[in-house]
Amino acid sequence: MYSLLFKSFFRTKIFLVSLALLLTVGVISIFIGKQYLVKQEKTIAAAQVYQEESIEKNVAYHREDLGLLLYYLRFTLIKRPQNINAISIGQSDVNPLLQAVTIRALEAQKYDTDFENPSLLMSGNLDLGFVIIYLFPLVLIAMTFNLYSEEKELGTWRILAAQTSAKAGFLFKKLLVRILFVFVVLVFLLFLASAILQIPMNTNFWAIFVQSVLYVLFWSALCLWMVSLLRNSSFNALALISIWVVLTILIPALVNNYVINAFQVPEALDAMVEQRDGYHEKWDLEKDATMTEFIKAYPQYKNYPVPEDEFSWIWYYGMQYMGDFAAKDTSAEMTEKIMLRNTVSEKIALFVPTMHAQLSLNSLAGTDVLSHLDFLKSLTEFHKNLREGFYTKIFDHKSADAVDWKNHEAKFYEQDYSFSWLKLLLPTLLITLIIAVLAGLNLRKL
Amino acid sequence: MRKNVIKLLARQLWQNAFRSKVMLIASILMLCLLLFSAYSGWVNYHDQNFTRDEIQDEVKESWENNPDKHPHRMAHYGSFALRLKHVLSVFDLGMENFVGNAVFLEAHKQNTVNFSEASMSTGLLRFGEVSLAMLLKVIVPLLIFYLGFATIAQERENGTLKLLIGQGITRKEIVFGKWLGLWCLSLIFLGAIFLVLLFFVLIESHDTMHADSIFRYVVLLLAYLLFFGVLSAITILVSAFSGTAKGALVKLLGIWLLFVIIVPKSLQAIGFYLYPTPSKIEMETAVEHDLAQLGDSHDPNDPHFKALKDSVLRVHNVEKVEDLPFNYGGFVMSQGEAMSTKVYLKHQEDLYEVYGKQNNLERYSAFVNPYTAIKNLSMAFSGTDFQSFLHFKDKAEAYRFKLAQDMNQLQMNLIPYKGKAGPDTISNEYWKEFPPFEYHFLSISDIFKNELMSLLALVLWGGLALFGLLRLSTNLKAI
């Protein structure tokens, strides 16, 4: 029975078209992921060289004045890339891979972007995640929309009905053949990605694997349900494509619009101005306006002299500190707003498998907005350690030789890739089960 | 062709459409989407511009309220440029949320334009955004296909096409009647959306912007009219050349998926694959490298700056820089600023050239994909395309350069060279004289120049559609 069903399926035009489409776009998407990884590597190499050379050059110029030297020097913190990023590039194209910062106020440097072509950002990356989320459902729809209606319209259904007692079983097997084919392609592409992109088969890879399978299962159930309504081909095609448009385009876009408008982030712009004014206005104020707050944070420098009528580095870096200090609350609010955007999106996504799939692929691949926020947090820590490591030496008017520059190579930030299986799988699983049960109930009447 | 026959056929298509459930569901859905996108587009435009206007004013005030100080300190105090949205961004969001919104302008340094909405968004942004234009570009074409796939194929299946021809109605009348009916049907959606948009344009445009906005609006309206005409023609043609209505539907859905979703994205991705771009750190390294080649102002024996000094001394016929009639420190800084800006802009131009190449693959596809043509036109005339962003960025950079150089000039004229007696600060009256940043949108003629190709492609598509319909008028198969 199955071999016949397979044979008849392999002879259809839609089989060939689907296979060609999925494989071509799938392979393109894997190579785009490869290119993305190569670009990351190049950027990191450039950053490492840049830091080494700029330290060498600037130390030669400003050897005597550590304060001035550190005005210029930039220190790099890099998110250590993992090849799994390339499966779902997510927000990692908008948010920079690394940040090179001086020990001056951080707020003015933290949000600097990398160069990206906005046309590309708008159209989005053609990564494997896109192929799975958008194209696999389309192929399923194309192969199943006339599962029953075709037989009905060609008149073969009545012959079949006369010959078999398990009509629903027949439809189910026919569907199974098609789903199986889609799964074979899916698994093939995932393993191909793992091979070409050299992704280790760790927990996160298998989580992406399971999430993808579950997602395709969801669409299979949906197609089965549509078939179980026993309508004609045109109706099925129209309805399924409409559902696809609603689930992959309209609902996510509506939610996105809603989230952006409901949680606007004017704090981002406010913090930017507050930081500048918080620092710059101190130039025209008494030294105490700077030093009181700075000494509160760093009491160990209480006894350092701050001459009232001339420039001193302790005052200068104190002013820079005050820039960040002035923007601190607003900046924290901004981060909170972005977290809120993410929380709300994730909550709504629990009910919409397409959104859930996209957000969880991004988070499993470490390319979601939260991982960038984590990076920024660790950048703040990195900046703080740098400053504090240099303060005493600068304030003691040491020369550049007092610092062991070999320890200041570009540093890597290790991302946290942990996740919860339950939250990952349960929502889509439940929705799939409900739809499958509904379809089964409909088919029992057959 | 008899006008009344065509009208009759068109009206019949209307009646059929309004009797079908598709039209009812589509209309309700479109109405909800229209209300939502008009509302969210407006809120976004209004709130964002309000915030940015406010901050821009704040920036101006704090600039002017600075006390007397050294002009170079003011050059470092700097200013901010905030990108204002065009009122038509309510219509088409385009790249609006993918480009930065604010940039810090200071001496010596070209900062990136930061705080794009995308950088503060979740992964959902990649599903796209709902805007009035998105409804017209993505959803309405699908509706046109839904409503029109059966027009001729179904009549032929039912045998009514034969009857029509038998009654003396010419093929041309049938083809153009059906086409007109379908096109007019799509204009319901177009009309509703543009009516809402007109309201926004009228209440928001200020005196100087009024003519500009209206003009942009009219171009958009005409472009979409033509686009829908082309889509209706494609629907009629596919329906006529398909054996069954079902076949026509499947083909049309395939066309929609391919041309609206898959091809534009794939071409953009392939463009990116073919033309790699440097990262910021790579470009900064290259800029520093080029600058070091030209000269190093830190090095007292640098040939470039030494030659500069010698020539300045010679021209003014003095021995030492202290004897120059202006502050030599300010002079060196202004030369350095001009030099570094020139080098930076050269590299930036190269980068944008690569972006251009990356985008061209998709842009040229307008000749095979009318969706691409309307997409680019729609963004450009709504002021939300890449060129509009670059225009802002260029203006901001020009302002930054002027700010730095004016401050250098003040230093040259009014601050005594180091070691000489005299005040180290100048009056804050000078800050007030420096004009604040003001942005004016790209002119219409520039937009036409940028989008000439898309316009040409769309007009060609119009011609092609007409040609197709005329051909069909002679060889439409009745059975």
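Where is A:H397 placed in chain A? The place of A:H397 is in the loop between α16, residues 369–395, and β3 of chain A. I will come back to that residue at the end. This is a predicted model, so please hear everything that follows as a description of a prediction.

Chain A has 17 helices and three strands. Chain B also shows 17 helices and three strands. The C-alpha trace of chain A spans about 105 × 40 × 35 Å along its principal axes. For chain B, the spans are about 105 × 45 × 40 Å.

Those spans go with the radius of gyration. For 446 residues, a compact globule would come out near 22 Å, but chain A has 29 Å.

Now burial and contacts. In chain A, 49% of the 446 residues are buried. In chain B, 46% of the 479 residues count as buried. If we take the contacts with a separation of 6 or more, residues 24 or more positions apart account for 84% of them in chain A. In chain B that share is 83%.

Next, the sheet in chain A. What is the order of its strands? The order is β2-β1-β3, in an open sheet of three strands with mixed pairing. At the edges stand β2, residues 98–101, and β3, residues 411–413; each has a single partner strand, so one side of each is left without a neighbour in the sheet. From one strand to the next, the twist averages 25°.

Look at one pair in that sheet. Strand β1 of chain A, residues 75–79, runs antiparallel to β2(A), and four bridges join them. One residue pair to find on the screen is A:I78 with its bridge partner A:L98 in β2(A). A helix packs on this sheet as well: α2 of chain A, residues 13–61, touches β1 and β2 of chain A. The direction of α2 makes about 160° with that of β1(A).

Chain B has its own sheet. It is open, with three strands in the order β1-β2-β3 and antiparallel pairing. Here β1, residues 79–82, and β3, residues 109–110, are the edge strands of chain B; each has a single partner, so one side of each lacks a neighbour in the sheet. Strand β2 of chain B, residues 102–106, pairs with β3(B) in the antiparallel sense over two bridges. In that region B:L105 stands opposite B:Q110 of β3(B). Helix α14 of chain B, residues 386–414, lies across β1, β2 and β3 of chain B and runs at about 20° to β2(B).

Now to where the chains meet. How many residues of chain A are in contact with chain B? There are 70 residues of chain A in contact with 71 residues of chain B. Several helices of chain A each supply at least two residues to that side, among them α2, α5 and α12. Helix α11(A) gives the most, with 16 residues. Sorted by class, the side of chain A that touches chain B has 40 nonpolar, 23 polar and seven charged residues.

In α13 of chain A, residues 288–297, the residues A:T290, A:M291 and A:F294 are buried. Seen down the axis of α13(A), its buried residues fall within an arc of 85°, so they line one face of the helix. The face turned away from that buried side carries the exposed residues A:D288, A:T292 and A:K296. What covers the buried residues of α13(A) includes α14 of chain A.

Last, two backbone angles. Most residues other than glycine have a negative phi. A:L230 has a positive phi, near 55°. This residue, A:L230, is found in the loop between α10, residues 203–228, and α11 of chain A. A:L230 is partly exposed, with 16 other C-beta atoms within 10 Å.

That brings us back to A:H397, whose phi is also positive and near 55°.

Terms used. Residues numbered from 1 in each chain as written. Chains lettered and ligands numbered in written order. Predicted model: local features only at pLDDT ≥ 70, side-chain atom pairs only at ≥ 80, totals over all residues. Buried ≥ 20, exposed ≤ 12 C-beta atoms within 10 Å, placed from the backbone. Contact = placed C-beta atoms within 7 Å. Pairing = 2+ DSSP bridges. Axes fitted to C-alpha atoms, helices over the stretch in contact; angles between N-to-C directions. Nonpolar A, V, L, I, M, F, W, Y, C, P; charged D, E, K, R; others polar. Arc of directions from axis to C-beta. Rg over C-alpha atoms; globule rule 2.2 N^0.38 Å.
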